[in-house]
Amino acid sequence: QALSEHGMTADRTGFEQALERQRIQSREGSSMKGDVFAVGPLKELAAKHRETEFLGYDHLEAKAKVIGILLGGESVSKLEKGLEGLVILDRTPFYAESGGQVGDQGQLSVSKPHGPGLFEVVDTQKGEGLILHRGRMADGELSVGDAVTATVEKRHRRSTMRHHTATHLLHAALR
């Protein structure tokens with residue numbers, strides 16, 4: 001229904017200004033900037049590996065292989081309990097932030113002879129064609145070459161999809 005039918009109008013200019021402020025705030029608040037996107041370890045990983053295969057349209061869980069780990073902008077061979085970093089997989093069900101939709105959350109789990117490892121994914125973004133899983137090693141350790149089970153948090157994904165759809169509907173109504 002049109003806003004005018006309800007005696008209301010849309011402040012399109014105000015909406016556009018608020019949207020731009022949010023975009024700027026989002027970029028400034030991102031922890032995924034700086035050296036990681038410059039010439040360095042991420043570019044080297046992208047040169048060695050093809051783009052991350054995205055499986056998330058059909059699967060919320062998948063087996064994958066760790067092809068890279070970044071800690072403080074540097075490439076490392078493993079991530080130990082308590083450390084925060086970026087994990088890059090050869091394939092993933094995690095949706096990376098794009099087109100205004102936030103990235104998925106979830107976990108990467110690994111079984112090793114000396115015990116399990118659990119990496120908690122708090123955000124997922126793209127860089128150099130690779131999908132970057134940002135998070136914290138909650139238990140054990142994770143190494144380059146490890147086989148992991150990547151599991152997307154279903155509730156977060158559904159909530160994100162609903163909000164993203166609502167945003168598209170709002171934009172269509174404003175147009």
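Two residues are in contact when their heavy atoms lie within 4.5 Å. The views below come from a predicted model, in which local features need pLDDT of at least 70 and side-chain atom pairs count only at pLDDT 80 or more, while totals for chains, interfaces and linings use all residues. Residues are numbered from 1 along each chain as its sequence is written, and side-chain values use heavy atoms, with hydrogens and water left out.

View 1. Let us start with V121, which sits in strand 8 (residues 115-127). Helices (H or I, at least four residues) and strands (E, at least two) are DSSP runs, numbered from the N terminus. Is V121 buried or exposed? V121 counts as buried, because its relative accessibility is 3%; buried means under 20% relative accessible area, exposed over 50%, and partly exposed in between, with a 1.4 Å probe and protein chains only. Leaving aside neighbours within four places in sequence, V121 is in contact with F94, D104, Q105, G106, Q107, L108, H133, R134 and G135.

**View 2. Strand 2 and its partners.** Two strands pair if DSSP finds at least two bridges between them. Strand 2 (residues 61-71) pairs with strand 11 (residues 147-152) in the antiparallel sense over five bridges, and here E61 stands opposite T151. With strand 5 (residues 84-89), strand 2 forms four bridges, again antiparallel; G68 has I88 as its bridge partner there. Strand 3 (residues 74-76) is another antiparallel partner of strand 2, over three bridges, with L71 opposite E74. In the hairpin of strands 2 and 3, two residues lie between the strands, and G72 takes a positive phi near 60°.

**View 3. The nonpolar cores.** A nonpolar core is a set of buried Ala, Val, Leu, Ile, Met, Phe, Trp, Tyr and Cys residues joined through side-chain atoms within 4.5 Å. Which residues have the most contacts inside the largest core? They are V66, V87, L89, L108, F119, L142 and V148, in a core of 16 residues. Strands 2, 5, 7 (106-112), 8 and 11 each supply at least two residues of this core. A second, separate core has eight residues, including L42, L70, L130 and L132.

View 4. E128 lies in the loop between strand 8 and strand 9 (130-139) and K43 in helix 2 (residues 41-48), so the pair ties together parts 85 residues apart in sequence. E128 is partly exposed at 36% relative accessibility, and K43 is partly exposed at 35%.

**View 5. Salt bridges between strands.** The side chains of K112 and E141 meet in a salt bridge (3.6 Å, N to O). Because K112 lies in strand 7 and E141 in strand 10 (residues 141-143), this pair ties together parts 29 residues apart in sequence. K112 is buried at 15% relative accessible area, and E141 is buried at 19%. R136 and E120 also meet through their side chains (3.8 Å, N to O), linking strand 9 with strand 8 across 16 residues. Finally, salt bridges that share partners join K78, E80, K112, E141 and D146 into one network.

Conventions:
Salt bridge = Lys/Arg side-chain N within 4 Å of Asp/Glu carboxyl O.
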